[in-house]
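Colleague: I would like to learn how to read strands, cores and pockets in a model. Could we take them in turn?

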Amino acid sequence: MTLPNVLFIGPDKSGSTWLAEVLGAHPEVFVPAAKDTYYFTRFYERGQSWYEAAFRRVGAEPVVVEVCHDYLFSEPARRRIAGDLPDVRLLVVLRRPSDRAFSSYLHMRKHGHAQMGFAEACDAIPELIDHGRYATYLRPYVETFGRNRIWVGVFDDLRSDPARFAS
């Protein structure tokens, strides 16, 4: 069974849906139809066979990608990824922390998870601010996987020139 050799690990609200669509359109890249399997964070106890099922349609594509925006923020996910996918390459797209927080807040409001103003939400929902502390979360990944296996993009580059960003 083929497992991912590339993971987008986060953060949230930094272009993961766009990235999954662009990568999935490439003939040499397989991206499962379901983005965010959350295997290494929420569903690890379901076992590797459950995870493998997301990749059962991999054909001859040499690049197999999972896109899951919350792995960056999970220490257990980092350890599990290192154990289960020791040769994986990682993708991260960083967005201005305040813009990422506000976008996440709007997403929460849209789905009924934050019915307060932005300032109040920042106080009540710690991850709005915490998920913008990129160095805190990237450092352990760099220590585990090495800097040469982590590609870091910038969301502003994606927005200003998507074609160049994708190349």
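Predicted model: local features only at pLDDT ≥ 70, side-chain atom pairs only at ≥ 80, totals over all residues.

Colleague: How many bridges join β4 to β5?

Modeller: Strands (E, at least two residues) and helices (H or I, at least four) are DSSP runs numbered from the N terminus, and two strands pair if DSSP finds at least two bridges between them. Here β4 and β5 (residues 150–154) run parallel and are joined by five bridges. β1 and β4 also run parallel, with four bridges; phenylalanine 8 stands opposite leucine 91 in β4.

Colleague: Why is β4 largely enclosed by the rest of the structure?

Modeller: Buried means under 20% relative accessible area, exposed over 50%, and partly exposed in between (1.4 Å probe, protein chains only). Five of the six residues of β4 are buried, so β4 is largely enclosed.

Colleague: Which residues touch the most other members of the largest nonpolar core?

Modeller: In soluble globular proteins, nonpolar side chains tend to be buried together. A nonpolar core is a set of buried Ala, Val, Leu, Ile, Met, Phe, Trp, Tyr and Cys residues joined through side-chain atoms within 4.5 Å. The largest has 28 residues, and Leu7, Phe40, Tyr71, Ile81 and Tyr141 touch the most other members. Two or more residues come from each of β1 (6–10), α3 (75–84), β4 (89–94) and α7 (134–145). α7 gives the most, five residues. A second, separate core has 13 residues, including Val6 and Leu19.

Colleague: What classes of residue line the two largest pockets?

Modeller: On a 1 Å grid over the protein atoms alone, a pocket is an open set of points with protein on both sides within 12 Å along at least five of seven lines, and lining residues have an atom within 4 Å of a point. Ala, Val, Leu, Ile, Met, Phe, Trp, Tyr, Cys and Pro count as nonpolar, Asp, Glu, Lys and Arg as charged, and the others, Gly among them, as polar. The lining of the largest pocket has six nonpolar, 12 polar and nine charged residues; Asp12, Lys13, His69, Ser104 and His107 lie nearest its centre.

Key. Residues numbered from 1 in each chain as written. Heavy atoms only, no water. 1 Å grid on protein atoms, 1.4 Å probe; cavity = no way out; pocket = protein on both sides within 12 Å on 5 of 7 lines; lining within 4 Å.
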